[in-house]
Amino acid sequence: MGETWVLMKTAQTPTNIAVIKYWGKRDESLILPVNDSISVTLDPAHLCTTTTVAVSPVFQQDRMWLNGKEISLSGGRFQSCLREIRRRASEVEDKEKGVKIEKKDWEKLHVHIASYNNFPTAAGLASSAAGFACLVFALAKLMNVKEDESQLSAIARQGSGSACRSLFGGFVKWIMGKEEDGSDSVAVQLVDEKHWDDLFIVIAVVSSRQKETSSTSGMRESVETSLLLQHRAKEVVPKRILKMEEAIKNHSFESFAQLTCADSNQFHAVCLDTCPPIFYMNDTSHRIISYVEKWNRSEGSPQVAYTFDAGPNAVLIARNRKAAAQLLQRLLFYFPPKSDIDLDSYVIGDKSILQDAGLEGLKDVEALSPPPEIKENAAAQKYPGEVSYFICTRPGRGPVLLTNENLALLNPETGLPK
């Protein structure tokens, strides 16, 4: 075979946000969790990772570029994913290029990987989840791996625990499993993204800086020192998982919101119960919780659920578009953009919700009146600049292959970044 060929695949994978949290591993190297978790996959049009993988006999070593910068692949997690996928590789034939790769050849061939997140990396928006899921999905397509998404999820899990949940759209459950080898610790889809399509999601990006305590070290410290974590994993989560599955199946927003908020708060309580304590939320996060709680109580039934991962960003899930528009009005009242920022770059993603909220420009934001649930005598304080920007999105689909070569991140001739 001609020895200068390059074969490539490009995939796009969504991120996900847990509504019943994963926090704590029972096995560090295989990334096996101490409890089940449930997440919602976010629309990849607004939050996703795109990854191109290429193979060529010319490549001297495995190499990877993340957001344009070369990064090392020597870490155990990358190595686990590469090793597991190579082990499952099948024969690949590209008649057009006159290339045939035998199963045994994959051990000797090197790959190039280029990955790009359309959202901040390592700021509590599950970038590693989308990243490892995309890496595994794209490599599996390149190497003609026959395993289904659930089996692939067990490989993605070894890159980043929550990555296993990004191999499906809609609502996804990561089953903790019982086996020591982790073979039954996999993700399964509970319902697809069309099942509950009333839901609308607004993310307040409070800070897109990297966090002080990484999830990996935070979890390890919680497992070692938090008694609340032990109680949570044994007594609390199993019951919540059953109730959450029921709420999702029946579109019961009241139960969904109550469980989502309670589980987020308990996860952060576990962080506080860790020695030394871990603070992922900040004053802005706490303000957002307080505003949502006040509004939900004044309506008599929940309009919005909040959940925070290992960072200060608020993920707010509204029961429908109408509630989402009212939520956005409240958020922009309390957290208007700084004077030098236009509305178009302050609210990104699905901007159609701005029209529903009657907000076309900054003049409309300035004209917003205080929400009715604020007591007349309480001065409504505003906090311009506390939120970097808002992302409007909804539940979305799982990973897909991109067939348009123009979307590839590597050059098809050289296999190097474009």
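Author: Let us begin with valine 53, whose bridge partner in β11 is isoleucine 113. The model is a predicted one, in which local features need pLDDT of at least 70, side-chain atom pairs count only at pLDDT 80 or more, and totals for chains, interfaces and linings use all residues. Residues are numbered from 1 along each chain as its sequence is written, and side-chain values use heavy atoms, with hydrogens and water left out.

Strand β6 (residues 48-56) is joined to strand β11 (residues 110-117) by eight bridges, in the antiparallel sense. Strands are DSSP runs of E with at least two residues, helices are runs of H or I with at least four, and both are numbered from the N terminus; two strands pair if DSSP finds at least two bridges between them. Strands of a sheet pair through backbone hydrogen bonds, either parallel or antiparallel.

These two strands belong to an open sheet of six, ordered β8-β7-β11-β6-β1-β19, with mixed pairing. At its edges stand β8 (69-71) and β19 (400-401); each has a single partner strand, so one side of each is left without a neighbour in the sheet. Helix α1 (residues 76-87) packs on this sheet and touches β7 (63-66), β8 and β11, contact being heavy atoms within 4.5 Å. The direction of α1 makes about 125 degrees with that of β11; axes are lines fitted to C-alpha atoms, for helices over the stretch in contact, and angles run from 0 to 180 degrees between N-to-C directions.

There is also an open sheet of five strands, in the order β15-β16-β14-β18-β17, again with mixed pairing. Its edge strands are β15 (304-307) and β17 (347-349), each with a single partner strand, so one side of each has no neighbour in the sheet. Helix α8 lies across β14, β15, β16, β17 and β18 (389-393), at about 20 degrees to β14.
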